[in-house]
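Hi,

Here is the structure I promised to pass along. Have a look at it first, and my notes on what turned up follow below.

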Amino acid sequence: MSTILKTGPAPHIRTAETVESVMYSVVIALIPAFAMAVYTFGVRALILTAVSILTCILTEYLCQKALKRDIEAFDGSAILTGILFSFVVPVIMPLQYVVVGNIVAIALGKMVYGGLGHNIFNPALIGRAFVQASWPVAITTFAYDGKAGATVLDAMKRGIPLSDALIENSNQYIDAFLGQMGGCLGETSSLALLIGGAYLIYKKHIDWKVPAVMIGTVFVLTWAMGADPLMQIFSGGLFLGAFFMATDMVTSPTTSKGRVVFALGLGILISLIRMKGGYPEGTAYAILIMNGVVPLIDRYIRPKKFGGVSKNGK
C-alpha cells in the first residue's frame with residue numbers, strides 16, 4: 001500500500017522559525033526593560049512578574065487539560081503573556097488582582113478563541129482591561145522611590161507641575177527616556193524598550209513601520225494639540241505598546257500596507273484619548289480597539305494575487 005502524504009494549504013515556505021523560537025526571542029527582547037524595572041522598583045518587580053508568569057502557565061495548562069488538547073503551555077506564549085501583563089500594571093498592585101488578571105488574560109483572552117493563533121485581541125491587554133474595570137483604584141495607584149502620586153501623563157493631564165509628579169527633578173526628558181519615574185512596571189524606560197524593539201527588528205520578527213508610524217503619529221498630533229510631544233512619547237505605555245503589542249503577529253494585519261493603516265489608527269486613537277478623553281493614557285484601549293478592526297483592514301487591503309489580472313485588463 002502506497003504511503004499517503006498529507007500537506008497543508010499552499011504556499012509552502014520553509015523556515016527555521018518555530019513558535020517557541022519566536023516567543024522566546026520576544027522574551028529575550030524584554031530583558032532590558034525587566035532589568036530596568038527591577039533596578040527602579042526593587043525586588044517587588046521580580047515577585048510580581050514571577051507570579052504573573054506562573055499564573056499564565058498554570059491557567060493555560062489547566063485549560064488545555066480540561067479541553068483534552070496537546071499541552072503547549074511551555075511554548076513561550078504563556079510566559080510572554082505573563083511578562084506583558086506584569087509590565088502594564090503598577091508594581092504595588094496586590095498580587096491577588098495580578099492572579100485574577102492573568103487568569104482572565106489566558107482563559108478569556110486566548111483559550112476561549114481556540115488558543116494561540118486564534119485570539120482576536122491581545123490577551124495581556126484583555127486581562128488589564130478586566131482589572132481596570134474591576135479595581136480601578138489599584139491599577140491607577142503608582143509609586144516611585146517610596147512615594148505615591150501622579151505619573152507624568154496624569155500630571156500633564158491635570159495641569160500639575162512635573163516637579164510634583166513621580167519623576168526625578170533633574171533633566172525631565174532624560175529621566176523620562178531612561179525610566180527614572182513612576183508608572184507601570186515595564187513601561188517607564190523608553191531606552192530599554194527601544195533596545196528590545198531594535199533586537200526584534202534585527203531578528204525580523206516585527207515590522208519597523210508599525211512602531212515608527214505609531215510613535216510618529218502620537219508625536220505630531222500631541223504637538224499639534226499643544227502638548228509636549230517628547231514627554232508624550234517617552235511617558236506611559238507608548239513604546240511598550242508600539243514594539244511589543246501592536247506588532248503581535250496574531251492580532252495585527254497581515255500586509256505591510258495594512259500594518260501602516262493599523263499603526264496610524266493607533267496613533268490617532270492614543271492622541272485623542274490622551275488629549276481629549278478623561279483618561280491620561282490610551283495605549284491599551286487603542287490597541288484593543290484596533291485589534292477589532294484588523295479583520296476589516298485585512299479584507300480591504302490585500303496584495304495583488306500572483307498572476308492575477310486587474311479590472312482594466314493589465
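This is a predicted model: local features need pLDDT of at least 70, side-chain atom pairs count only at pLDDT 80 or more; totals for chains, interfaces and linings use all residues.

Let's start with Thr151. You'll find Thr151 in the loop that links strand 2 (147-149) to helix 8 (152-158). UniProt, in an unreviewed entry, lists Thr151 as "modified residue: FMN phosphoryl threonine". Is Thr151 buried or exposed? Its relative accessibility is 12%, so Thr151 counts as buried, the cut-off for that being under 20%. Once neighbours within four places in sequence are set aside, Thr151 is in contact with Phe142, Ala165, Gly182 and Gly183.

The unreviewed UniProt entry gives "transmembrane region" for several stretches, including residues 45-63 and 230-247. In the model, residues 45-63 are 100% helix and 0% strand, with 27 Å between the end C-alpha atoms. For residues 230-247 the figures are 67% helix and 0% strand, and there the end C-alpha atoms are 22 Å apart.

On the inside, the largest nonpolar core has 79 residues. Those with the most contacts within this core are Leu30, Leu84, Met93, Met214, Leu240, Phe244 and Leu266. Taking Met93 from that list, and not counting residues up to four places away in sequence, Met93 touches Arg44, Leu48, Val98, Val131, Ala138 and Ile139.

The surface has a nonpolar feature too. Leu58, Tyr61, Leu62, Ile71 and Phe74 form a patch there, with about 480 Å² of accessible area together. One of these, Leu62, sits in helix 3 (residues 43-66). Leu62 has a relative accessible area of 48%, so it counts as partly exposed.

Finally, some backbone angles to check. Most residues other than glycine have a negative phi. Which value does Lys68 have for phi? Lys68 has a positive phi, near 60°. Lys68 lies in the loop between helix 3 and helix 4 (77-87), and at 78% relative accessibility Lys68 is exposed. Asp145 likewise has a positive phi, near 55°. Asp145 belongs to the loop between strand 1 (142-144) and strand 2, and Asp145 is exposed as well, at 61% relative accessibility.

Cheers

Key
Residues are numbered from 1 along each chain as its sequence is written. Side-chain values use heavy atoms; hydrogens and water are left out. UniProt positions are given in the numbering used here, feature names are shortened, and annotations may be inferred rather than shown by experiment. Helices (H or I, at least four residues) and strands (E, at least two) are DSSP runs, numbered from the N terminus. Buried means under 20% relative accessible area, exposed over 50%, partly exposed in between (1.4 Å probe, protein chains only). Contact means heavy atoms within 4.5 Å. Patches are made of residues with over 30% relative accessible area and no salt bridge: like charges are joined within 9 Å, nonpolar side chains (Val, Leu, Ile, Met, Phe, Trp, Tyr) within 5 Å. Accessible areas come from the Shrake-Rupley method with a 1.4 Å probe; for residues, only the protein chains shown count as cover. A salt bridge is a side-chain nitrogen of Lys or Arg within 4 Å of a carboxyl oxygen of Asp or Glu. A nonpolar core is a set of buried Ala, Val, Leu, Ile, Met, Phe, Trp, Tyr and Cys residues joined through side-chain atoms within 4.5 Å.
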